[in-house]
Amino acid sequence: MAIIAPSLLSANFLQLKDDCDMLNKSQADWFHLDVMDGRFVPNISFGPMLVEFFRKATTKICDVHLMIEEPGNYAEAFKKAGADILTVHIEACPHLHRNIQQIKSLGMQAGVAVNPHTPISLLKDVLKDIDLVCLMSVNPGFGGQLFIPNTIQKIKQLRTMIDEQSLNVKIEIDGGVTEQNAQQIIAAGADVLVAGSTVFKSSNPIATIANLKSM
Ligand code: DX5
Ligand code: ZN
């Protein structure tokens with residue numbers, strides 16, 4: 001059974017309390033929180049202040065996805081805000097190993113996100129040091145985009161790399177996950193499904209989450 005991580009980026013920010021309550025009641029496992037800086041990605045979302053509010057609104061795992069440059073400057077702030085998992089982009093980190101050490105030493109789980117054009121092989125030498133790989137199945141920056149089909153072969157390749165070394169690293173798929181493609185994504189070897197518009201544009205988000213969970 002996959003871990004379901006709704007992305008609050010697609011929530012209604014004028015009724016965040018209601019949306020958090022809905023997720024708390026649902027079978028959602030994690031809150032996926034998308035932080036964007038307008039530099040690494042062409043969009044700006046929110047920072048540690050809002051993460052702190054989400055932290056207070058749920059006891060579920062806060063999975064913070066940093067789409068920002070120089071994430072090392074902010075790791076401590078996100079720890080203070082209550083992040084359980086902190087994910088940085090490999091493309092934003094010339095000293096990725098140092099970023100991972102920093103996240104772990106602050107007591108968070110460490111994730112590494114990879115853009116659609118980035119080969120999985122670049123993860124080889126850090127795989128044993130991290131808890132999660134976030135495979136971007138869209139170009140990061142916006143919710144509601146179409147799933148890039150090439151992601152399926154990347155999931156399979158990464159699953160093989162993880163299993164060959166008997167590692168305990170979760171594969172998270174982020175972007176364009178729908179009730180139609182979720183099964184294929186899980187079958188390829190994914191552990192965590194991020195879903196923004198699929199959940200929040202649904203007429204019955206609780207049922208949509210339950211359906212994703214049942215796959
Ligand atoms: C994209 C974000 C995703 C996004 C997913 O930059 O990292 O988490 O919110 O949204 P959907 O599920 O609508 O593609
Ligand atoms: Zn994300």
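Is His65 buried or exposed in this predicted model? At 1% relative accessibility, His65 counts as buried, the term meaning under 20% relative accessible area, with exposed over 50% and partly exposed in between (1.4 Å probe, protein chains only).

In this predicted model, local features need pLDDT of at least 70 and side-chain atom pairs count only at pLDDT 80 or more, while totals for chains, interfaces and linings use all residues. Residues are numbered from 1 along each chain as its sequence is written, chains are lettered from A and ligands numbered from 1 in the order in which they are written, and side-chain values use heavy atoms, without hydrogens and water.

**View 1. Protein donors of the zinc ion (ligand 2).** His32 (NE2), Asp34 (OD), His65 (ND1) and Asp174 (OD) lie 2.0 to 2.3 Å from the zinc ion; donors are N, O and S atoms within 2.8 Å of the metal (3.2 Å for Na, K and Ca), and because water is not among the atoms, sites may look incomplete. Along the chain these donors follow the spacing H-x1-D-x30-H-x108-D.

View 2. His32 is buried, with a relative accessible area of 0%.

**View 3. Helix H5 and its packing.** The buried residues of H5, including Ile155, Leu158 and Ile162, pack against strand E6 (132–136), strand E7 (170–174) and helix H6 (182–188), contact meaning heavy atoms within 4.5 Å. Ser166, which follows H5, has a positive phi near 45 degrees.

Note on methods: Helices (H or I, at least four residues) and strands (E, at least two) are DSSP runs, numbered from the N terminus.
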